[in-house]
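My notes follow in the order I made them.

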Amino acid sequence: MVRFILNRLLLIVPTFIGITLVAFIFIRLLPGDPVILMAGERGVSAERHAELMAQFGFDQPLWKQYVDYVSGLLHGNFGYSYSTKKPVLSEFMARFPATLELGLCAIVLASVLGIAAGILAAIRRGSWIDQVTMGTALVGYSMPIFWWALLLIILFSTKLGWTPVSGRIALTQFFPSVTGFMLIDSLLAGKPAAFWSAVQHLILPTIVLATIPLAVIARQTRSAMLEVLGEVYIMTAKSKGLTPRRVIWLHALRNALIPVVTTIGLQVSVLIGGAILTETIFSWPGIGKWMIDSISRRDYQVVQGGLLLIAAVVMFVNLTVDLLYGLINPRVRYR
Amino acid sequence: MALLEVRNLSVSFETASGDLFYAVRGIDISVDVGEVLAIVGESGSCKSVAMLAVMGLLPPVAIVKADVMRFDGRDLLTLSPRQRRDLSGREMAMIFQEPVASLNPCFTVGFQIEETLRKHTDLDAAARHQRAIELLQAVGIPEPERRLGSFPHQMSGGQCQRVMIAIATACTPRLLIADEPTTALDVTVQKQVLDLLLRLQAENGMALVLITHDMGVVAETADRVIVQYAGRKMEDTDVVSLFSAPESPYTRALLSALPENAGSGRLPTVSDFAPPAEAMK
């Protein structure tokens, strides 16, 4: 097991080098001068422009900028935001809990509902339940996130007034931040009203963010279950006289979960892509919105550092999925 | 009274065009206590389908009909699903053709054996564990205590089939159906598994239904033989009469198609003796 984890950790090194390269080159390929964008409408004189370019190191050859960037990273320095002058790492850490809270809620919702819907569709194959579930999944998968978000906002926030339009919590609620998770911190502070406000603010963004992963997980679960239900060991389980519930939820699901867990892991990357849109629409103060703002400001250091940190999160999730995969499937354990 | 008595069993499936496809047509089967019955026939003769119907293991799309389907005096056709489940694994058990595929790859061998005991007995965890060790010992698996923690992929095909036999015989059933239990195994292992089945059958006094297309296995093991072709019963006779005086043209075809009976000429095929399966529908 230790060797398995070490192998996976070693693979992270080349991946990280690749990501630093992509992040570094990608932001510089975008048209727009960072110094001019920083100056805004006031503009900047040629001398000041040259001075700032030198100050930020933009006058250096690209390879030199890259080497400086990577050597900074090796010293734990992710750079400073040009616009806020704060370290990228602390800016990231300040926003990450918001994204993590939303992302966790979304992936839990998508996994629980997706797996349940997939199982139901598989055991009622060809019935109206199967048709409706898979039809809905297809619609969910095909729907543009921003459009779906706007529809929900119009219905639940504007027309019915059930949920807030944007933000993370009502502005009237104050409590100390301990974990960065509004749900937990409000409970720790003993403020049920704040907790309820956080829940209300989470509902729509969670639904929007969970929609595509939910559809994908439901379809994957259905096809995995159908395959597994045809296996001989399912017949063995039935021949032992086990209840259908035990055959499906233990014998079939455990095997069907193997591809489903991989899918859930892959959906985390999709979720981060979706978080950028969702956070922008709902003014959610997470890393998605932060990245979009930084890209439009050509805040090179933030985009580079942010991408790297997001990649680290994705790699961590993938490592967890690999370990989980080994736990579920004994055939890949200790290899 | 026969332990298992089936009269006029038919199994059909609805095709895409809405017609019924009959896999099994009006078969009678009866198995006595302690008897070894072999069901022989070529691939596609639906030997397995008939016995899966008896075990209640066919998918819901299968339409199973019979005038009589009785096990130990109980009418299988009128039992509730729960009552059927109480019988399965306890009084009637089945092992399948593919031993490795028959065991769930995600669970240890011990878990899979003890699961049957948990379902059908009142044994506590320690007693189940002890019984599982005894069962593995009985089927000839070395180091049974250590092997209980093994996963199916860590065992050979022959060992997996032994484990399947241990699972099937865990509650000493009165009827064991073995669906081509040696087909996927090496020749040397085939003999060992057959000997093991016969030993357990004799020790436990259980009836054994052996589905096979190996006439050598039939000659060595069976008391009585049913020959099946295209979902119909062609012959039902004792094993000596089958080889000495086969009545059905199809049985004669099967026997003459054995390489040792074929002489030096062309091996005969079924169509030399019996109408093709399509014509039987």
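**Entry 1: chain A overall.** I began with contacts along chain A. Of its contacts with a separation of 6 or more, 73% join residues 24 or more positions apart. I kept in mind throughout that this is a predicted model. I then listed the secondary structure of chain A and got 13 helices and zero strands. Read along the sequence, the pattern is α-α-α-α-α-α-α-α-α-α-α-α-α. I looked up the extent of the C-alpha trace of chain A, and along its principal axes it spans about 85 × 55 × 40 Å. Chain A has 335 residues, and 36% of them are buried.

**Entry 2: α1 and α13 of chain A.** Next I took up helix pairs. Two packed helices are described by the angle between their axes and the distance between the axes. I looked up helix α1 (residues 2-29) of chain A against helix α13 (residues 300-328) of chain A, and found an angle of about 155° with the axes 9 Å apart. Over 145 degrees counts as roughly antiparallel, so α1(A) and α13(A) are roughly antiparallel to each other. The crossing of α1(A) past α13(A) is right-handed.

I wrote down who meets whom. From α1(A) the contact residues include Phe4(A), Arg8(A), Ile12(A) and Phe24(A). From α13(A) they include Tyr300(A), Gln304(A), Leu308(A), Met315(A) and Asp322(A). By class, I noted 13 nonpolar, four polar and two charged residues in the contact of α1(A) with α13(A).

**Entry 3: α7 and α9 of chain A.** Helix α7 (residues 145-159) of chain A packs with helix α9 (residues 192-229) of chain A at an angle of about 150°, and their axes are 10 Å apart. I therefore logged α7(A) and α9(A) as roughly antiparallel to each other. α7(A) also passes α9(A) in a right-handed crossing.

On the α7(A) side, Ile145(A), Trp148(A), Ala149(A), Leu152(A), Ile153(A) and Phe156(A) make the contact. On the α9(A) side, I found Leu204(A), Ile207(A), Val208(A) and Thr211(A). Which classes do the residues of this contact of α7(A) with α9(A) divide into? I noted nine nonpolar, one polar and no charged.

**Entry 4: where chain B touches chain A.** I moved on to the interface. 23 residues of chain B are in contact with 19 residues of chain A. On the chain B side, the elements that give two or more residues are α2 (81-87), β7 (92-95), α3 (99-102) and α4 (109-120). Which of them gives the most? It is α4(B), with four residues. The side of chain B that touches chain A divides into 10 nonpolar, seven polar and six charged residues.

I stopped at one residue of that helix. Phe111(B) is found in α4 of chain B. I counted 15 C-beta neighbours inside 10 Å, so Phe111(B) is partly exposed. I also checked Arg128(B), which is 17 residues from Phe111(B) in sequence and 9.9 Å away in space, C-alpha to C-alpha.

**Entry 5: the face of α11 in chain B.** I looked up helix α11 (residues 249-256) of chain B and found Tyr250(B), Thr251(B), Ala253(B) and Leu254(B) buried. Down the axis of α11(B), these buried residues fall within an arc of 155°, so they line one face of the helix. They pack against α9 (215-221), β10 (224-229), β11 (232-238) and α10 (239-244) of chain B.

**Entry 6: Leu210(B).** I checked one strand residue. Leu210(B) sits in strand β9 (residues 207-212) of chain B. Buried or exposed? Leu210(B) has 26 C-beta neighbours inside 10 Å, so I logged it as buried. Beyond its neighbours within four places in sequence, Leu210(B) is in contact with Val36(B), Ala38(B), Ala178(B), Val217(B), Thr221(B) and Ala222(B). I also noted Leu194(B), 16 residues along the chain from Leu210(B), with 9.9 Å between the C-alpha atoms.

**Entry 7: positive phi in chain B.** Asp72(B) is not a glycine, but its phi is positive, near 50°. Asp72(B) lies in the loop between β5 (68-71) and β6 (74-75) of chain B. With 16 other C-beta atoms within 10 Å, Asp72(B) is partly exposed.

Glu143(B) is not a glycine either, and its phi is about 45°. I placed Glu143(B) in the loop between α5 (125-138) and α6 (144-147) of chain B. Glu143(B) has 10 C-beta neighbours inside 10 Å, so I logged it as exposed.

Notes. Residues are numbered from 1 along each chain as its sequence is written. Chains are lettered from A and ligands numbered from 1 in the order in which they are written. This is a predicted model: local features need pLDDT of at least 70, side-chain atom pairs count only at pLDDT 80 or more; totals for chains, interfaces and linings use all residues. Axes are lines fitted to C-alpha atoms, for helices over the stretch in contact, and angles run from 0 to 180 degrees between N-to-C directions. Angles under 35 degrees count as roughly parallel, over 145 as roughly antiparallel, 65 to 115 as roughly perpendicular and the rest as oblique. A crossing is left-handed if the near helix is turned anticlockwise from the far one by less than a right angle, and right-handed if clockwise. Two residues are in contact if their C-beta atoms, placed from the backbone, lie within 7 Å. Ala, Val, Leu, Ile, Met, Phe, Trp, Tyr, Cys and Pro count as nonpolar, Asp, Glu, Lys and Arg as charged, and the others, Gly among them, as polar. A residue is buried if 20 or more other C-beta atoms lie within 10 Å of its own, exposed if 12 or fewer, and partly exposed in between; C-beta atoms are placed from the backbone. The arc is that of the directions from the helix axis to the C-beta atoms.
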